Amino acid sequence: MLKDKTIILGVSGGIAAYKSAYLCSMLIKQRADVEVIMTENALNFIAPATFEALTGHRTMVDTFDRNHEFSTEHVSLADKADALIVAPATANVLAKFAHGIADDMLTTTVLACDCQKIAAPAMNTRMYDNPVTADNIEKLKAYGWEVLEPGSGRLACGSTGRGRMPEPERLLEALIHAVSAPKDMAGLKVLVSAGPTREELDPVRFITNHSSGKMGYAVAKAAAARGADVTLVTGPVGIPKPAYMDVVPVISANDMYNAIADREETSDIIIMAAAVADYTPVYYSEHKIKKQEGEFSVELERTDDILRALGENKRPGQTLVGFAMETENVVENGEKKLISKNADLIAANSAVEEGSGFQGDTNRLTLITAKGNEELPLMSKDKCAHKLLDAVLKLR
Ligand code: CTP
């Protein structure tokens, strides 16, 4: 997702510097070109060679290139950077950034950079809570920096509290959000549903399906990265809560119906990627149902069809997208759903085809609209999400 992007990774002197090597490796896997700049103090925690092996570039520490008498490398680096992240960012470097101090390669480059800048603070709780640091962070935010919230837990100094550097996955999420896509959905309110629903029979049992939520989450993240104001209504899934959107957790089809009904009117685009249960038990037992001799059957009743209801209430200017998960006649069934649910686009996919459907990281979608069908090849769910959003924007 960061192909052809140049990311400057600044590493200052904190124990969390070891986590930056993992972030660096993740950035390389996302096909980014990574340039690492370390402060002198960071050399106490991790060796430049670690980053050199990962990035294929020389790790920089000094303002003056070791091979030349004078260099303006900080300026040329700043010129080509798409984003800069400082992780870990100590109280000291945050103070320098906030006040324009440029006394080494990292601080000089930061001052010369006009790209998106992100800081991941890591320090002792009292240093983080000190009003001086808090003021510096506010200043940086006012200058356009994204300053991530540190986590809580056991710190290197032995105390417990706020000040842990966020995990590399969170840092990668920030970079992907910042630079992976053009902001062509800015100003649009997008409502996405994702995951399965869970229809409870008794306190220990429920009926659900194999949906992992990966496709819906990919759509929500892609829309947020493109600048949309996103609300994600999600059934129970094993995916960490994404940043940069409003997340509304729900359990049952009925909960999902209510959460979406509350937000439908103000949404410009609604994308129903959830695998909503079509049936729910008629009776819920307050106590665990005990086994008995002989057969046992469960009486089920229909849930409301959320997409159909949205189609019936669709207001002018609103774009409605559904998914069709099929095991046979994928496109034909998708075309029927486009009409029966009054949707503007149906993304049809197969539950049985290799590489498609629930659980995996890839999918093969056919995008069905009144104007015709677009068959996409097998690709990652992240890429599918962007292709789907491209098609949605084309419809609007
Ligand atoms: N959907 C919904 N509410 C339901 C069931 C489905 O909003 N109670 C939405 C899904 O989120 C999806 C679309 O309808 O966007 C199609 O879902 P799918 O399960 O493929 O089809 P169904 O409408 O349930 O029809 P069938 O099960 O007969 O294929």
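The legends below describe close-up views of a predicted model. Local features are reported at pLDDT of at least 70 and side-chain atom pairs only at pLDDT 80 or more, whereas totals for chains, interfaces and linings use all residues. Residues are numbered from 1 along each chain as its sequence is written, and side-chain values use heavy atoms, with hydrogens and water left out.

**View 1. Residues around the ligand.** The shell around the ligand holds 16 residues, of which M272, A274, L307, K337 and K341 come nearest; a residue is counted as near if one of its heavy atoms lies within 4 Å of the molecule. By class, nine of the shell residues are nonpolar, two are polar and five are charged, where Ala, Val, Leu, Ile, Met, Phe, Trp, Tyr, Cys and Pro count as nonpolar, Asp, Glu, Lys and Arg as charged, and the others, Gly among them, as polar. Helix α11 (306-313) and strand β16 (319-326) each supply at least two residues of this shell, and β16 gives the largest share, four residues; helices (H or I, at least four residues) and strands (E, at least two) are DSSP runs, numbered from the N terminus.

View 2. A polar contact here is a pair of N or O atoms within 3.5 Å. A polar backbone atom of F323 is 2.8 Å from an oxygen atom of the ligand, and a backbone N or O atom of M325 is 3.1 Å from a ligand oxygen. From the side chain of K337, an N or O atom lies 2.8 Å from an oxygen atom of the ligand. The protein covers 78% of the 560 Å² of accessible area that the ligand has on its own, as computed by the Shrake-Rupley method with a 1.4 Å probe.

**View 3. Packing of α9 with α13.** Helix α9 (residues 214-225) and helix α13 (residues 381-395) pack at an angle of about 60 degrees with their axes 8 Å apart, the axes being lines fitted to C-alpha atoms over the stretch in contact and the angles running from 0 to 180 degrees between N-to-C directions. The two helices α9 and α13 are therefore oblique to each other, since angles under 35 degrees count as roughly parallel, over 145 as roughly antiparallel, 65 to 115 as roughly perpendicular and the rest as oblique.

**View 4. A cis peptide bond in the model.** A87 and P88 are joined by a cis peptide bond, with omega about 0 degrees, and P88 is found in strand β3 (residues 83-89).

Conventions
A polar contact is a pair of N or O atoms within 3.5 Å; within protein, one must be able to donate a hydrogen and the other to accept it, and residues adjacent in sequence count only if both atoms are side-chain atoms.
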